[in-house]
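Hi,

Here is the structure I promised to pass on.

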Amino acid sequence: MPKAVHPGPDPRSVAVLAYDGLCTFEFGQVVEVFGLPRPEMGDDWYRFRVCAEGPGPLRAIGGFRVEADGGLAELGAAATIVVPGWRGIDAPVPDELLETLRAAHGRGSRLVSICSGAAVLAATGLLDGKRCTTHWRHAEKLAARFPAVRVDADVLYTEADRVFTSAGSAAGLDLCVHLVRRDFGPRIANEVGRRLVLPPHREGGQAQFIARPVADRENGRFAALFDWARDRLGERISVDRMAAEAAMSRRSFVRRFEAAT
């Protein structure tokens, strides 16, 4: 007798993991991109579910609780599974959840993480020898906990063998819109980005932050200079003119300006 054919997951099915201690912002991003109805897409849009890692109701950051409409069985049946953060980079991941994710990936599902959710995907072993990312604040801890994983703290998101990871917070939206682009093409991704008031594709990496204030308290001279320059944005301001305004030689100004910024 011929073997029974088990149909694969609905290619438009998306499940987001809910867990006790849920990262609310990351969870909300997934709902916003995949869970909102889009009548203009007809029946072709995503079929979305919230699936719990454990019994509920589940506490979420911000003082409210979430009641999911499915569990790990429903999570593993989705074509796209999103882990929106996790309880912590060092927090243990239940074996049953890891087994669910491995089995789903083996059946062809894609796994997606936002921010600290990379720790869950790394714990499956599916990222061993592959590149991933997470929030830059968690990168060292993640690399130390999972030395077989290549953690890249300089990118917004990564993809390796149907396992996708994104950096902190807003980078999760970048990845979600990227997935829409893969599934529906650039025109639909642009529409989703426009609805989110978000560029459909953001260049650059996590270095798009200022590690320390440009005008720190130790250097009031530069603070005054920047205020002076901001008042003259319509003028051509040369390095020599800024050095004179700061009462420095050009050489000293360039050296100290680079150190300050």
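Below are my notes on the nonpolar cores and the salt bridges.

Before the details: this is a predicted model, so I kept local features to pLDDT of at least 70 and side-chain atom pairs to pLDDT 80 or more, while totals for chains, interfaces and linings use all residues. Numbering starts from 1 along each chain as its sequence is written, and side-chain values use heavy atoms, with hydrogens and water left out.

Let's start with the cores. By a nonpolar core I mean a set of buried Ala, Val, Leu, Ile, Met, Phe, Trp, Tyr and Cys residues joined through side-chain atoms within 4.5 Å. Buried is under 20% relative accessible area, exposed is over 50%, and partly exposed is in between (1.4 Å probe, protein chains only). The largest core has 68 residues, and Phe34, Leu75, Leu97 and Val180 have the most contacts inside it. Its top contributor is helix α6 (residues 171-184), with eight residues. Helices (H or I, at least four residues) and strands (E, at least two) are DSSP runs, numbered from the N terminus.

Leaving aside residues up to four places away in sequence, Val180 touches Val33, Phe34, Trp45, Tyr46, Gly185, Ile188, Ala189 and Val192 (contact means heavy atoms within 4.5 Å). There is also a second, separate core of eleven residues, with Leu225, Trp228, Met242 and Ala246 among them.

Now the charged pairs. Searching the whole structure turns up eleven salt bridges, each being a side-chain nitrogen of Lys or Arg within 4 Å of a carboxyl oxygen of Asp or Glu. Including these:

- Asp152 and Arg131 meet at 2.9 Å, N to O. Asp152 sits in the loop between β8 (150-151) and β9 (157-160) and Arg131 in strand β7 (residues 131-132), so the pair ties together parts 21 residues apart in sequence. Asp152 is buried at 19% relative accessibility, whereas Arg131 is partly exposed at 34%.
- Arg182 and Glu159 meet at 3.1 Å, N to O. Arg182 belongs to helix α6 and Glu159 to strand β9, so this bridge ties together parts 23 residues apart in sequence. Arg182 is partly exposed at 46%, and Glu159 is partly exposed at 41%.
- Arg250 pairs with Asp240, with the closest N and O atoms 2.9 Å apart. Arg250 is in helix α10 (residues 250-260) and Asp240 in helix α9 (residues 239-245), ten residues apart. Arg250 is partly exposed at 45%, and Asp240 is partly exposed at 45%.

Cheers
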